Amino acid sequence: MDNRKNEKKMDPPGQELPPEAFHQLVERALAEDLDTADIKPEADLTSWWIVAQDTQSRGQILTRQEGIIAGLEIARAVFQRLDSAIVFTPRLADGSPVSAADILVDLQGPARALLTGERTALNFLQHLSGIATLTGAFVKAIAGTAARITDTRKTAPGLRQLEKYAVRLGGGVNHRLGLYDAVLIKENHAAPVGGPGAAVKRARQAATDHRQEHIPIFVETRDLDEVRGALPAQPDRIMLDNMDTASLRDAVQLIRRNAPQIEIEATGGITLKNVRNIALTGVDLISIGVLTHSAPALDLSLLFDA
């Protein structure tokens, strides 16, 4: 990649996921399973009616397929919210590649609490690991090119921080986090004001008026005419939406020739089959909604010692 600089470029957050990002989610998930806001484990009828109170158990969380792991600390939080006596010992860290039959975590502690937390912990782990794994597949598919894989706002309500964390673990970078940290002008924004170029100018003026010049401005374009219309307004990023590879290549050349500092993003209709050809057109970023809205869960299980 060339050495173009853009002070407004959105650098991806770090790999860390602070506890405050998932504390309330763990509370809500357990309350949903136990039908009680104050998390009373005795609401798990099966475990409490069948397993004696003083029973201790040991178990392991295992993989059933290859992938990339994400969400271990969330799983830990689930079990320890139910009983602080549970010992949760990961053998790997988030972001680690795994094979089928790998052991992820050793668990030991009160059997009732382990049984109560099993499904909630696995739900988080399987969902986030599925996102990390699918992201990793896209990243692998474009290896050796200058492009990067990025996500979208097509996330499950309430899970955005976690899902975008999983994308980072898979080797992707994050797009804007919400409506508040970037301007992203789409067709429905541009049409009422005269097109992408006019919309970028309005956004740029508003940023100046509100003394928020640091906010990046992205604009979506559908063809070369819209790219030409957006260029004079100097957005920070031009998004090339649902263009074929020939059009993408032409658009990249046009932007590089006239405004090399502008980031270029391909978006729409991207699959594992076509992503490499899209990367080879010279775009900087490839945004893929399927990473978060349709990633299949990674197959994991928790097995107790006999």
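User: What makes the crossing of α3 and α4 right-handed?

Analyst: A crossing is right-handed if the near helix is turned clockwise from the far one by less than a right angle, and left-handed if anticlockwise. The crossing of α3 and α4 is of the right-handed kind. Keep in mind that this is a predicted model, where local features need pLDDT of at least 70, side-chain atom pairs count only at pLDDT 80 or more, and totals for chains, interfaces and linings use all residues. Residues are numbered from 1 along each chain as its sequence is written, and side-chain values use heavy atoms, leaving out hydrogens and water.

User: Why is α3 called roughly antiparallel to α4?

Analyst: Their axes cross at roughly 160° and come within 8 Å. Angles run from 0 to 180 degrees between N-to-C directions, with axes fitted to C-alpha atoms, for helices over the stretch in contact. Over 145 degrees counts as roughly antiparallel, under 35 as roughly parallel, 65 to 115 as roughly perpendicular and the rest as oblique. So α3 is roughly antiparallel to α4.

User: Which residues in α3 meet α4?

Analyst: Among them are Leu72, Val78 and Phe79 in α3, and the α4 side includes Gly117, Glu118 and Phe124. Contact here means heavy atoms within 4.5 Å. The contact of α3 with α4 has 12 nonpolar, three polar and one charged residues. Ala, Val, Leu, Ile, Met, Phe, Trp, Tyr, Cys and Pro count as nonpolar, Asp, Glu, Lys and Arg as charged, and the others, Gly among them, as polar.

User: And what makes α1 oblique to α4?

Analyst: Helix α1 (residues 23-34) and helix α4 (residues 111-141) pack at about 130°, with axes 10 Å apart. That angle makes α1 oblique to α4. The crossing of α1 and α4 is right-handed.

User: Why are β3 and β12 edge strands?

Analyst: The open sheet has four strands in the order β3-β5-β1-β12, paired antiparallel. Each of β3 (87-90) and β12 (300-304) pairs on one side only. Two strands pair if DSSP finds at least two bridges between them.

User: How many bridges join β1 to β12?

Analyst: Five bridges join strand β1 (residues 56-63) to β12, and the two run antiparallel. Thr63 stands opposite Leu300 in β12.

User: Where does α4 pack on the sheet?

Analyst: Helix α4 touches β1, β5 and β12, and its direction makes about 165° with that of β12. Helix α3 (residues 72-82) lies across β3, β5 (103-110) and β12.
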